[in-house]
Amino acid sequence: MFSEAAFTLEVIHNFPPSAPAVSDQTATEREAFVYTFPASTDADNHAITYTAVLANGYPLPGWLTFDAANRTFRGTPLELDSPKRHQIKVTAFDNGWPPASSQSEFQLWVPEEDSPPIAVAIAGLYPPEMKTGDSESDLLRVHSGDEVTLDGSGSSDPEGATISFEWTQIEGSKVTLDYLEKEGHKYATFIAPNWGTFVFKLVVKDEYFFSDPDFVRVTVDGSEYVEDPPDHIFPALSFGSAAIEEQVYWVGPGHRNCPVTGSYGWYWSSDL
């Protein structure tokens, strides 16, 4: 004997939520980055949750966080975080049965922001060894005939880029600068004349930017009697962050040390 029974088969189909509507983004070094993408929709009106990882499954970079509840990326990339392109995968899950999901990817580009290089100028005697002036005025005192070296080796670029050097004499009777070509004008030398004060400006440049200038001043103590005082006085200059008042002490067998602060005073002495 056979019996019959009737039953109803209900096929439940859970539609996945719509793919996250993300788009490519750019973040800037040392600036806060915030990106919120629109909410996905679900045909079955299920609740939706989100996850975000790199496309290869690895976690997001350390500087970047993802607020899943608000669908928001936040973070501030630093110099070490660039230049980099991050391919990020965002997945939307619903809570239906069986759970369904959809995903999208976007690219986050962190370009390298170039910063101006920093010029550092000092002067020294060579040989026997480099000797800098005082820290406030970058002042070096030398004697006539000394070989003076202008040294820009302390200059640098924040991104480690190659820099070029440009020395310019801005005060004093003109001297001839010789460059050590193998150092890319990092060093320049000249022979100290009989007397005078000489000011040199250093500017360095990377691929995109010039640095602020740095200055160095060299005073030559005269080795012979000077019949007439110099015909001008050098103005006060700003060296780095320190503004200084011009004050030069001339030394020679025909006169005593005296400061020059706007006029020249000459003193005879038989003991010099």
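## Sheet and ring contacts in a predicted model

Three strands form an open sheet in the order S2-S5-S4, with antiparallel pairing. Strands are DSSP runs of E, at least two residues long, numbered from the N terminus, and two of them pair if DSSP finds at least two bridges between them. Strand S2 (33-36) and strand S4 (64-67) are at the edges with a single partner strand each, so one side of each has no neighbour in the sheet. S4 and strand S5 (residues 72-75) run antiparallel and are joined by four bridges; Asp 67 has Thr 72 in S5 as its bridge partner.

This is a predicted model, in which local features need pLDDT of at least 70, side-chain atom pairs count only at pLDDT 80 or more, and totals for chains, interfaces and linings use all residues. Residues are numbered from 1 along each chain as its sequence is written, and side-chain values use heavy atoms, with hydrogens and water left out.

The structure holds 10 aromatic pairs. Rings of Phe, Tyr and Trp (its six-membered ring) pair if their centres lie within 6.5 Å; planes under 30 degrees apart count as stacked, over 60 as edge-to-face and the rest as tilted. Two of the pairs are tabulated.

| Pair | Centre to centre | Plane angle | Class |
|---|---|---|---|
| Tyr 35 and Phe 106 | 5.5 Å | 65° | edge-to-face |
| Phe 190 and Phe 198 | 6.3 Å | 55° | tilted |

Tyr 35 lies in strand S2 and Phe 106 in strand S7 (residues 101-110), so their pair ties together parts 71 residues apart in sequence. Both Tyr 35 and Phe 106 are buried (under 20% relative accessible area, 1.4 Å probe, protein chains only).

Notes. Buried < 20%, exposed > 50% of the residue type's maximum accessible area, 1.4 Å probe, protein only.
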